[in-house]
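Reader: Hello! Could you walk me through a few local details of this model?

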Amino acid sequence: MTRGITVLAVCLLALAVPSVSAQDAAVPEPDGYRTQDYRAPTPSTLKGARVLTTSEAADAWRAGGAVFIDVMPQAPRPAGLPPGTIWRDKSRRNIPGSIWLPDTGYGALAAATEDYLRNGLAQAIGDEQTKLLVFYCQKDCWMSWNAAKRALALGYRNVAWFPDGSDGWQDAGLPLADAQPAPGRP
C-alpha cells in the first residue's frame, strides 16, 4: 500500500512540474562571440543593443531611418573546379534595401573580412553616426548576434539585433528582395 501511494505521489509530482524543452530554456549570452553551431537557439538579449521583434523591425524599415545589415553567409566557389565548370551562387532574398555583408557574422574573422565589415558599416551610415544599424540573418542564427556584438565593439552605439531575421520577416508576409553581396568582399 505504501509503495502504491509513493508511486502515485511521484506520478502526480511529475505531472505538476512543467517540463522544460530546449527551446524554453533561456540561452545565456556568452562573454565573447559564438564560434560554432551557428544555427541554434540564441539568447533573448544582446548587451548594449536593442533586440527587435518582427513588428518593431518592420516599423523601423517603413520609417526609413535604419540601415538593415544582412550577414547571411555565402558559400564560395569550390576550389579545384575544372575549368569551364559553371558555378551558380545560391540566391539570397533579404529585407529590401538591406546591405548584404556575407560571412561577417562568424565568431572569428580574418582581417580582410573584418575590414569588409568595418568598411561596409562606414559606407552604410556615412556621416550619420547615430543612424540605427539593424543586424539580421535567419531565425536561430548566431551570426547576426555576433555581427551586432562586433559592431558594438567597433564603437557603434545605435545597434539593434533582429533575431527572427529574414525567416520571421517572410513569415509575417513582409516583402523580400533578391540580394547581392556588397562590393569589396574578400
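This is a predicted model: local features need pLDDT of at least 70, side-chain atom pairs count only at pLDDT 80 or more; totals for chains, interfaces and linings use all residues.

Reader: Is Glu29 buried or exposed, or partly exposed?

Author: Glu29 sits in the loop between helix 1 (2–16) and strand 1 (50–51); helices (H or I, at least four residues) and strands (E, at least two) are DSSP runs, numbered from the N terminus. Buried means under 20% relative accessible area, exposed over 50%, and partly exposed in between (1.4 Å probe, protein chains only). Because its relative accessible area is 26%, Glu29 is partly exposed.

Reader: Which backbone nitrogen does the side chain of Glu29 reach at 3.1 Å?

Author: Contact means heavy atoms within 4.5 Å, and beyond its neighbours within four places in sequence, Glu29 is in contact with residues including Pro43, Leu46 and Trp145. Its side chain reaches the backbone nitrogen of Leu46 at 3.2 Å. The one reached at 3.1 Å is the backbone nitrogen of Lys47.

Reader: How many disulfides does the structure hold?

Author: A disulfide is a pair of cysteine sulfur atoms within 2.5 Å. For Cys137, the nearest cysteine sulfur is that of Cys141, 3.0 Å away, and Cys137 is in no disulfide. Cys137 is buried, at a relative accessible area of 0%, and Cys141 is buried at 3%. The number of disulfides in the structure is zero.

Conventions. Residues are numbered from 1 along each chain as its sequence is written. Side-chain values use heavy atoms; hydrogens and water are left out. A polar contact is a pair of N or O atoms within 3.5 Å; within protein, one must be able to donate a hydrogen and the other to accept it, and residues adjacent in sequence count only if both atoms are side-chain atoms.
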